[in-house]
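Keep the structure in view as you read.

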Amino acid sequence: MTGLRRLSLSSGVLDEPSQREFAFVGTIRVLQEWGEEQSERHANWTELFFDIVYVAILGRLGDDLRDADSSMAPVHYILLFCPLFFAWQLLTGFYTRFEASDGLQFSLDSLTFIFLCGAGMNTVDGLGHNLTGYAVCCSGTYVALSITYFRLLWSERTFGLGCRMAASVFLTAVLFAIAAAMTTPTAKQTAYVAAVGITFLSAIIMPRLVPPKARIPVHVDHMNERFGCFMMVFLGEAAVDIVASAPEHVTWDNFVSALFGVLFLITVKLLYFDIEPMVEERHALRTSALRGQLWWISHMILFAGIGVAGSAMELVASTSRDNARSLWLLCGSNALIHLALAVIQEAHQPLSVWGNFTNVSVGIRIVTAALCAVTPLVITPSLQYANVATIGTMLLFAVMNAGLDALFTHGWLREKHNETKRALEEQRKILSRRRNSLIPAGKLLSRELGRHVTLNPNIPESLKASLLQVDEGSINKDDDELTSPAPPMIRAGRRGGHFHPFTLPNANGP
């Protein structure tokens, strides 16, 4: 890598290597180490294309949910969605730690995308007739991802992480292959559900088994941006579902239902991006392993809830015939959305002055989730225009949630939050100036020591030579090397010994 350039698309969102010595098998570079100040990073082209692949997959998943008549359709949606989310998480976790731009990595990424597209083709009746094809494509996806992590074994720095992650991902691929190889439908479905459950447990447990010295931090801003991009993919797909629900002859209740649905998505977008802390040190990924795990698990629930809500709103908005199943889907998915938003907000560590207000905001979200869950008991399909009333009620709950959240947590305390952020930045600047002021003094002391060693007749010439050689080496050290902090003590969680790949050290070290 001989140079970097920044590609700006309206907001400068992409960083890509521009001058490369292309090789089919190159080296994988660690992007940051513990204790280093993390530079600004953004999603690259590969990650953005990865998100676009999921647009097509989510559309197929939504088709299967809308066409199914079974009451277990939402459960089937979640079971089919989980392996896809874990695959996205694994590749995102890789690119937030490492840089690999050789031909082999390009081939592995392309193979991952191909198998994901194959899985998307088999999502319709994915737990029935097409389960074999879906499990085979999931297995191929995880094989490609396991090879991606297997490449880390060639470096001593990344061996510990790569060994355990590659073994975990390959085990997942084997489990899906076993599910595909089963002969009877019941055995195939049982093996598939077991594979999904083991994959979930592996995602939680395996990273904790990585030795402290082998752990590599993730980039909090980059990871936060990637989850935000994935959130926009789900919101966009839900908007597509609503717009596509319009019949050939649009009636007033079709139009009002679609309008309420779009306004609901806008409100959810505001609620999600509003709960992210303005002070980076308070992010869940910087506090503890438990909070980091709650953060990404609640995102999985949030994404699944938005996907189901988009399909439910299409069912509600596309017909004037009130359907009990579509109403329950819409209200249940909204309850999941508000509950996930509450957990995400609780995962972030609030400032001391924000503690009570954050608890009030989380409590509001939980109450909103409960109200959404019981709405179908009040607005029944027997009521006239129950579809418009239900989706309007969901919009009302979301707007009330946003309004109360702004009243309790983002009114008079926002200035206090900004003051805290400015104080933390000022502390960093003071520490940096103090550290840099010690460098000239250290060099002057080194020169004076060398002069006294040279003039002292009691020191043997052989010892003088060795002392002066050490002194000369210390004088010629680069400033960056002198100012680099010593590796901090490993602290991967409040109880010690706990670690998650999405947990970054706080100001006191990892």
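Q: What makes the meeting of the Arg151 and Asp102 side chains a salt bridge?
A: This is a predicted model, and in it the N to O distance between Arg151 and Asp102 is 2.4 Å. The cut-off is 4 Å, for a nitrogen of Lys or Arg and a carboxyl oxygen of Asp or Glu. The pair is therefore a salt bridge.

Q: Which parts does the pair Arg151 and Asp102 tie together?
A: Arg151 lies in the loop between α4 and α5, and Asp102 in the loop between β4 and α3, so the pair ties together parts that are 49 residues apart in sequence.

Q: Why is Arg151 called buried?
A: Its relative accessibility is 9%. Buried means under 20%. So Arg151 counts as buried.

Q: How do you know whether Asp102 is buried or exposed?
A: Asp102 has a relative accessible area of 6%. The cut-off for buried is under 20%, so Asp102 is buried.

Q: How many salt bridges are there in the whole structure?
A: A search finds four.

Q: What makes Asp51 and Arg226 a salt bridge?
A: Their closest N and O atoms are 2.8 Å apart. The limit is 4 Å, so the pair qualifies. Asp51 lies in helix α1 and Arg226 in helix α7, so the pair ties together parts that are 175 residues apart in sequence.

Q: Why do Asp51 and Arg226 count as buried?
A: Asp51 has 3% relative accessibility, so it counts as buried. Arg226 has 0%, so it counts as buried too. The cut-off is under 20%.

Q: What makes Glu47 and Arg226 a salt bridge?
A: The N to O distance is 3.4 Å. Glu47, Asp51 and Arg226 are linked in a network of salt bridges.

Q: How do you know that the span of helix α8 is close to the expected one?
A: Helix α8 has 23 residues and reaches 33 Å from its first C-alpha to its last. The expected span, at 1.5 Å a residue, is 33 Å. Buried residues of α8 include Phe264, Leu265, Val268 and Leu271.

Q: Which residues have the most contacts inside the largest nonpolar core?
A: They are Phe81, Phe85 and Tyr192, in a core of 103 residues. The largest share of this core, 15 residues, comes from helix α2.

Q: What is Phe85 in contact with, leaving aside its neighbours within four places in sequence?
A: Phe85 is in contact with Phe227, Phe230, Trp296, Met300 and Phe303.

Note on methods:
Residues numbered from 1 in each chain as written. Predicted model: local features only at pLDDT ≥ 70, side-chain atom pairs only at ≥ 80, totals over all residues. Heavy atoms only, no water. Helix = DSSP H or I, 4+ residues; strand = E, 2+ residues; numbered from the N terminus. Buried < 20%, exposed > 50% of the residue type's maximum accessible area, 1.4 Å probe, protein only. Expected span 1.5 Å × (residues − 1). Core = buried A, V, L, I, M, F, W, Y, C linked by side-chain atoms within 4.5 Å. Contact = heavy atoms within 4.5 Å.
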